Every structure is written in structure tokens, then in C-alpha cells.
Amino acid sequence: MVTTKKAGNVERSVRSRGARTAVRPGQRPRSRSHPLAPEHIGEAGSVAVLALAVLGLALFIAAIAMVVFGMTTGSRYVDPPPNVAELGTGQVLGGIGLGVLGVGLLGAALAVLADVRGSRRIAAGISALAAALSVIGVVRVMTEGAGDPILAASLAVATLVFGAAAVILARPAR
């Protein structure tokens, strides 16, 4: 609630988070968060939402690549095996699942930005799900054959980012 009077040296009354503070004419009330971070999210929450949006978009792009790769598996063979139709099925299904997760992460991040009721808990849940799937991915990559340390490290970083975002977004808004 902001009240202003046009008299000379009268102070304005600004209501900020339940408390009244006096602000002199010509001054702006001080915000507790970064100017680019929405006040209903806070600084840590805005970083978490940004991470979810960027990783969600990256997952969606990777999902498109997986689906295309799975659908074109048969064209890579000069003499295709008899089960060529089944070879790309896992990649197509995995790509569809990854695409749904990416769209969910991106949508949840945008919902938190728009301050949709209950969106913080939903975004925290989707982020926790993505963190759990990343942990499974790290274990699978490292236990299959020789393992790929670069892929495992990138999945581990994604696990940390998703886990931190889930913890930050699960906290009540301040």
C-alpha cells in the first residue's frame, strides 16, 4: 500500500512485507533482492528458476535429437539386420520421456516466474525427479562397460543443480 501527498515535505508511507517504512519524497523504497530477481522468488529462487528453465530447454533439444536419431537408425546400415525396426525404439521412447521432462521443467520454471499458486512445490518436485533420474544416469553410465567419465561428470553436475533447485524451491517463500 503506497500513499502519497502533494504537500511539501510530507513523507510517503510504503508497506513492504507487512511493515511500514518511511520514504522521503524523491527516494525509492529499498528492495531486499536483486533488481532483476522477482521479489516473490528472491535471489536464490531466481537462480534456481533460471537453472531449471535453461536445463529444461536443453533437455527438450536433446530429446528432439534422440527421437530423430532413433527414427533414422535403419538408414545407417548398408545391409540392415532383420530387427532394424526395433533398434531405435528405445531411443524414441527415451527421447519422448526426456522431452516431457524438459517441457515440464521449463513450464514449472515459467509458472514460478508468473507466481502461479502452488507452482514452487510443483517445480521443486519436478526438479527432485530430475535429480533422481540424473543419479540413476550416473550409476548406469559408470557401470556399463568402461563408462564415460565426461558424461558421468556432466550428469553429476546436473544432479547437483537439480537437487539444489529442488531444495531452494521447496522452502517457503519469504
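Modeller: The protein has 5 helices and 3 strands; helices (H or I, at least four residues) and strands (E, at least two) are DSSP runs, numbered from the N terminus. Along the sequence, the pattern reads β-β-β-α-α-α-α-α. This is a predicted model, in which local features need pLDDT of at least 70 and side-chain atom pairs count only at pLDDT 80 or more, while totals for chains, interfaces and linings use all residues. Residues are numbered from 1 along each chain as its sequence is written, and side-chain values use heavy atoms, with hydrogens and water left out.

Biologist: What is the mean pLDDT of the protein?

Modeller: pLDDT is the predictor's confidence in each residue, from 0 to 100. Here the mean is 82, and 76% of the residues reach 70 or more. Over residues 10–17, however, pLDDT stays under 50. For residues 10–17 the model has 29 contacts beyond four places in sequence, a contact being heavy atoms within 4.5 Å.

Biologist: Which residues of helix 1 are buried?

Modeller: Buried means under 20% relative accessible area, exposed over 50%, and partly exposed in between (1.4 Å probe, protein chains only). In helix 1, the buried residues include Gly45, Ala48, Leu52, Gly56, Leu59 and Val67. The buried residues of helix 1 pack against helix 3 (89–113), helix 4 (119–143) and helix 5 (149–170). Of the 174 residues of the protein, 26% count as buried.

Biologist: Why does Ser134 count as buried?

Modeller: Ser134, which is found in helix 4, counts as buried because its relative accessibility is 7%. Setting aside neighbours within four places in sequence, Ser134 touches Leu155, Ala158, Thr159 and Phe162.

Biologist: How many salt bridges does the count give?

Modeller: A salt bridge is a side-chain nitrogen of Lys or Arg within 4 Å of a carboxyl oxygen of Asp or Glu. By this rule the count is 1 salt bridge. The side chains of Arg140 and Glu144 form a salt bridge, at 3.2 Å from N to O. Glu144 counts as partly exposed because its relative accessibility is 47%.

Biologist: Which residue lies over the face of Phe69?

Modeller: A charge sits over a ring if NZ of Lys or CZ of Arg is within 6 Å of the ring centre and within 35 degrees of the ring normal. In this model, Arg76 lies over the face of Phe69, at 3.7 Å from the ring centre.
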